[in-house]
Amino acid sequence: MVLEQLAVNGIIAGSEYALLAIGLTLIYGILRLIHFAHGEVAMVGAYSAFVVSVVFGLPLIAGFFVAIAAGALLGIAVNRIAFRPVRKQHILIGLITAIAVSILLQNAIALFFGNDIKTYNLGAVEKGIEVFGFIITKTQIVIVFTAVALMLLTWAFIKKTKIGQQVRAVADNRELAESIGIDSEKVIACTFAFGSALAAAGGVLIAAETNLAPMMGLMPNIKAFAAIIVGGIGSIPGAIFGSYFIGLAENIGIWFLPSGYKDAIAFFILVIFLLFMPTGIFGKKKEGIEQ
Amino acid sequence: MIEAYILHLLIFICIYAILSMSLNLITGYAGMLNLGHAAFFGIGAYASVLIVMAGFPFWLGFIAAGAIAAFFGLLLSVPALRLRGDFLAIATLAFGEIIRSILVNWTEFTRGPLGIPGIPKPEIFGIAFDSLWMYFILAFIIAAVAYFVLRHLLNSNFGIALKAIRENESVAASLGKNVNLLKMQAFVVGAFFAGLAGSLFAHYITFIDPGTFVLGETILMLLMVALGGMGSLEGSILGAIILILLPEPLRFIGLPSAVVGPLRQIIYAAILIVLVIKKPRGLLGTQWFGGIVSDSN
């Protein structure tokens, strides 16, 4: 029974990682660049919801939507500040500016809110309810359903909207897309806005389940890296699959290992996949990896 | 009082100069972005402390710190042979986090997050380095030796071959350079010196915990390398001097420490962004990842 409970925990974690991983993989698909500050976008989203719900006393759902809007705007700003000016330069320069942005955001939040841990004050510690024999809190149920709803929204955005179509076109072949009149800078900005909004939503869900701190985005973002490598970089179904894979692996892994090694399990899987299966499970192309 | 403060800063400059020079070898010369350099620093610190506190002499702990870190450098060079660019960066990041995780969790050995207090000051063949002046002399000698060894290595065929790999790996290979071996050597030598810096740091501060050897430390070293110039050993020393001294005035304007810490990091990050956009070659660098970047100035 404990093992099944760990699996349920893995699904909850996987749902949270997936919201970050989708944005990472979309941005990678279009720019061939790993967005290192994506976890900090999630963190800022979580703090925006904190301002709305705790400082102004509005319901958390209002904070959730404010976070999504703030995430989208921040995504556009990050693209402008860190990625657009260095787009023509070596790939590592984009990575370094992204790292700098992530430090900037962590410390700006630490300066305003302090380094101490905050919560959404969702009331007394929730008592888990039993669903099919598993202990799960209402917050956790909401997290999983919200995450799945946002994944369906992503699917609709990518497959059914015009801008989604253009995102796929630019990811596929930027020059060809530009030649038929697609404004690739606009498409890149939209990708950042959409992916960052999802990350911010993920940040609120993570904070609702645990708590808020300036460093809260770092680990989930590295888990999301691991997820997109496992699933195959650039693929959205791959990112979602990889997220649940990592979530399950690290939670079930602590059945065998001391629980302190939970994070290390995800990193170990990341290194193994990078070394032996760098295209992941759903990936096709060998991007950036030695042939 | 002022003398002690200045000596303290000079000791830190020596330690960080070794770190930034060794990172420059891997990242600036060989062109492999290493986000796990703080792990080598930490491995060296823990190795040296555990050996010395088990009753062995300092010089043995010091050399072992370099050797054990170099062994981990060899391990990390395995992904470096297969991955490029940002993928390698992510793999090195994961390596750093795995090492940190082990330092936190292997409590019988490392005391975990509690850290190891009461580390003895070094004593080499009867000479005790227990005063600030003595420690500064020790740190300065080691930093100077590190500089001359690296300078010699990089002026030799080894250094030229590394640069050739950074410029164009296929061309370097076609000219008969053993690219894999060279990358391995860069990681091993870089990790070795970072390990020595770890030993020097641990016996100076006399307390270590896993929280010291985190990604933020690697970023600081990377910033020193980028500021001084990728592929410039002298630049790395200059970068270490500037970035150790730069945040110091913040201490004297009476801001609370909860403000100084984040503010320092914000200054670092802002410099890094402006630097790579406006002056990607750094202060003394000749090139940044080959001819790909044209200096915008």
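The radius of gyration of chain A, taken over C-alpha atoms, is 19 Å, in agreement with the value near 19 Å for a compact globule of 291 residues; the globule rule is 2.2 Å times the number of residues to the power 0.38. The structure is a predicted model, in which local features need pLDDT of at least 70 and side-chain atom pairs count only at pLDDT 80 or more, whereas totals for chains, interfaces and linings use all residues. Residues are numbered from 1 along each chain as its sequence is written, and chains are lettered from A and ligands numbered from 1 in the order in which they are written.

The C-alpha atoms of chain A fill a box of roughly 60 × 45 × 35 Å along the principal axes. Chain A contains eleven helices and two strands, where helices (H or I, at least four residues) and strands (E, at least two) are DSSP runs numbered from the N terminus. Their order along the sequence is α-α-α-α-β-β-α-α-α-α-α-α-α. Of the 291 residues in chain A, 54% are buried; a residue is buried if 20 or more other C-beta atoms, placed from the backbone, lie within 10 Å of its own, exposed if 12 or fewer do, and partly exposed in between. Among contacts in chain A with a separation of 6 or more, 74% involve residues 24 or more positions apart, a contact being a pair of residues whose C-beta atoms, placed from the backbone, lie within 7 Å.

Within chain A, the axes of helix 6 (residues 162-172) and helix 8 (residues 184-209) come within 10 Å and cross at roughly 110°. Helix 6 of chain A is therefore roughly perpendicular to helix 8 of chain A, a class that covers angles of 65 to 115 degrees. The axes are lines fitted to C-alpha atoms over the stretch in contact, and angles run from 0 to 180 degrees between N-to-C directions. Ile163(A), Gln166(A), Val167(A) and Val170(A) of helix 6 meet Ser184(A), Val187(A), Cys190(A) and Thr191(A) of helix 8. By class, the residues of this contact are five nonpolar, three polar and no charged (Ala, Val, Leu, Ile, Met, Phe, Trp, Tyr, Cys and Pro count as nonpolar, Asp, Glu, Lys and Arg as charged, and the others, Gly among them, as polar).

Leu33(A) is located in the loop between helix 1 (2-31) and helix 2 (38-55) of chain A. Leu33(A) is buried, because 20 other C-beta atoms lie within 10 Å. Leaving aside residues up to four places away in sequence, Leu33(A) touches Ile27(A), Tyr28(A), Phe83(A), Ile91(A), Gly94(A) and Asp86(B).

Between the chains, 39 residues of chain A are in contact with 38 residues of chain B. On the chain B side, two or more residues each come from helix 3 (58-82), helix 4 (85-105), helix 10 (215-228) and helix 13 (257-278). Helix 4 of chain B gives the largest share, 14 residues. The side of chain B that touches chain A has 30 nonpolar, four polar and four charged residues.

Chain B has 13 helices and two strands, and its C-alpha trace spans about 55 × 45 × 35 Å along the principal axes. Buried residues account for 51% of its 297 residues. In helix 7 (residues 157-167) of chain B, Gly159(B), Ala161(B), Leu162(B), Ile165(B) and Arg166(B) are buried. These residues lie on the same side of helix 7 of chain B, because they cover an arc of only 165° around the axis, judged by the directions from the helix axis to the C-beta atoms. They pack against helix 1 (2-29), helix 6 (132-155), helix 8 (169-174) and helix 9 (179-205) of chain B.

Definitions and conventions. Two residues are in contact if their C-beta atoms, placed from the backbone, lie within 7 Å. Angles under 35 degrees count as roughly parallel, over 145 as roughly antiparallel, 65 to 115 as roughly perpendicular and the rest as oblique.
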